[in-house]
Amino acid sequence: MAYSSGRHFLQIPGPTNVPDAVLRAMDMPTIDHRGPDFSNMLLGILDKLRPVFGTDKVVIFPSSGTGAWEAALVNVLAEGDRVLMSETGHFSSLWEQMAKRLGLEVNLIPGDWRRGADPDQIEARLREDKDHRIKAVAVVHNETSTGVASRIPLVRQAIDNAGHPALLLVDTISSLGSLPYEHDGWGVDVTVCCSQKGLMLPPGLGFNAVSDKALAISTQNGGMRRSYWDWGEVLKANERGFTHYTPATNLLYGLDKSLDMLLEEGLENVFSRHRRHGEATRRAVRAWELEILCDSPEEYSQVLTAILMPEGHDADALRKLILERFDMSLGAGLSKVAGKVFRIGHVGAFNDVTLIGTLGGVEMGLQLAGVPHRPGGTQTAMNYLAETAG
Ligand SMILES: *Cc1c(COP(=O)(O)O)cnc(C)c1O
């Protein structure tokens, strides 16, 4: 087996590669979370989160992204409330399922998993809802299962065009810190995120960014019965740099470091780095004469690319071969597209050479698996990266 040497290539779109500097920052004693060092660190983190979310009220939970989804729903929606959701892929479907389990009534706009949330349809549904029974519109910003990024400002505009008071809830789990995002600027009420994708951390932290309107609903007895997920207690303790539970201290050391790295690089530079790697990857796929799952160019995700397998070829067999021969993990097709697509993650701690290694592994895999393609995609990406190298 070739892979006892060198570094594993983790090219799934999350969990992403954790930079060595972040790993080192976490390799520290777990301190007293009621002491001054902790308080200073947390206040610093909350400061640094502001530009990343584009707002100043961010709640951190020790949780997965799924936990942060639940927190978003239970703080502002009551059982029986109606929520408008757009089927963009596997993750929007899981969020929808959760909403139903919590007793919400989901008004679903179906989708074919190749496009983002449709602002026109959202506007139409809201216009039909004359007595404002829909309390929230919930959208996944970057649909990690398909490589499609919904245009959140257009969704906001659709709500405003319909003159509808629904809240806007957005899952930014695989977009925050990689794609441009503005919680306040885009008029979002609740932003959902977690640690293991663009924030370059191990899994274990969930985030909600909260608008004044959402917070008012939550504090004035809105939402569902809840305890752990209640924003109020967290925000109160955060004022002095503390939490009312035992925090995930070592993950916070890592977060402190990863935020420093993002802000040092400059968010604009981080975004353009992802755009460039997204473009290079798509050029490689086209050169291979394979098909990109996303069929709406203005909604291409810059953080991952899902690729359709030619008829009669199994994506999971290709992924297995690439893992065994080249020690590289690629993202699987999830639920509806299982076996039909594979996903290349180009998100988080990532550079030109990592992308070329990744594409080279894919191209060798295509060749060995006998998947019909035109060779040279990796070279095409190299040409693009060389031409655009800063
Ligand atoms: C990964 C992901 C989730 C789920 O997060 P978990 O930490 O696995 O619970 C939800 N939504 C999107 C868009 C994701 O990429």
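Start by selecting Asp 160, which counts as partly exposed at 45% relative accessibility. Here, partly exposed covers everything between buried (under 20% relative accessible area) and exposed (over 50%), worked out with a 1.4 Å probe on protein chains only. You're looking at a predicted model, where local features need pLDDT of at least 70 and side-chain atom pairs count only at pLDDT 80 or more, while totals for chains, interfaces and linings use all residues. Residues are numbered from 1 along each chain as its sequence is written, and side-chain values use heavy atoms, with hydrogens and water left out.

**Stop 1**

Side chains of opposite charge can pair when their charged atoms come close. Both residues sit in helix H6 (residues 152–161), and because they are four residues apart there, about one helical turn separates them. Helices (H or I, at least four residues) and strands (E, at least two) are DSSP runs, numbered from the N terminus. Arg 156 is buried, with a relative accessible area of 14%.

**Stop 2**

Now pick Asp 20 and Arg 7. Their side chains meet in a salt bridge, at 3.5 Å from N to O. This pair links distant parts of the chain, 13 residues apart: Asp 20 belongs to helix H1 (residues 20–26), and Arg 7 to the segment before strand S1 (9–11). Arg 7 is exposed at 56% relative accessibility, while Asp 20 is partly exposed at 39%.

Next, select Arg 115 and Asp 295. Another salt bridge is waiting here, again with 3.5 Å from N to O. How many residues apart are Arg 115 and Asp 295? They are 180 residues apart, with Arg 115 in the loop between strand S4 (105–109) and helix H5 (119–128), and Asp 295 in the loop between strand S11 (291–292) and strand S12 (304–308). Arg 115 is partly exposed, at 40% relative accessible area, and Asp 295 is partly exposed too, at 35%.

**Stop 3: a covered strand**

Select residues 82–86, which are strand S3. Are the residues of S3 mostly buried or exposed? Five of its five residues are buried. Colour one side by picking Arg 82, Leu 84 and Ser 86, then the other with Val 83 and Met 85, and you'll see that both faces are covered.

Then show the neighbours. Strands pair if DSSP finds at least two bridges between them. S3 runs parallel to S4, joined by five bridges, and Met 85 stands opposite Leu 108 in S4. To get from S3 to S4, the chain passes through helix H4 (residues 90–101) in a right-handed β-α-β crossover: with the strands pointing away from the viewer, the path from the first strand over the helix to the second runs clockwise. S3 also runs parallel to strand S5 (residues 134–140), with four bridges between them. There, Val 83 stands opposite Ala 136.

**Stop 4: helix H3**

Ten of its twelve residues are buried, so H3 is largely enclosed by the rest of the structure. Among the buried ones are Trp 69, Leu 73 and Asn 75. At the start of H3, a side-chain oxygen of Ser 64 reaches to within 3.3 Å of the backbone nitrogen of Thr 66.

**Stop 5**

Jump to Arg 282, in helix H10 (residues 267–287). This residue is buried, with a relative accessible area of 4%. Which residues are in contact with Arg 282 (heavy atoms within 4.5 Å), leaving aside its neighbours within four places in sequence? They are Ile 292, Tyr 300, Ser 301, Gln 302 and Thr 305.

**Last stop: a five-strand sheet**

Finish with an open sheet of five strands, in the order S1-S13-S14-S12-S11 and with mixed pairing. S1 and S11 stand at the edges with a single partner strand each, so one side of each has no neighbour in the sheet. Zoom in on S13 (residues 328–332) and S14 (residues 341–345), which run antiparallel and are joined by two bridges. Gly 331 stands opposite Arg 343 in S14.

Methods: A salt bridge is a side-chain nitrogen of Lys or Arg within 4 Å of a carboxyl oxygen of Asp or Glu. Contact means heavy atoms within 4.5 Å. A polar contact is a pair of N or O atoms within 3.5 Å; within protein, one must be able to donate a hydrogen and the other to accept it, and residues adjacent in sequence count only if both atoms are side-chain atoms.
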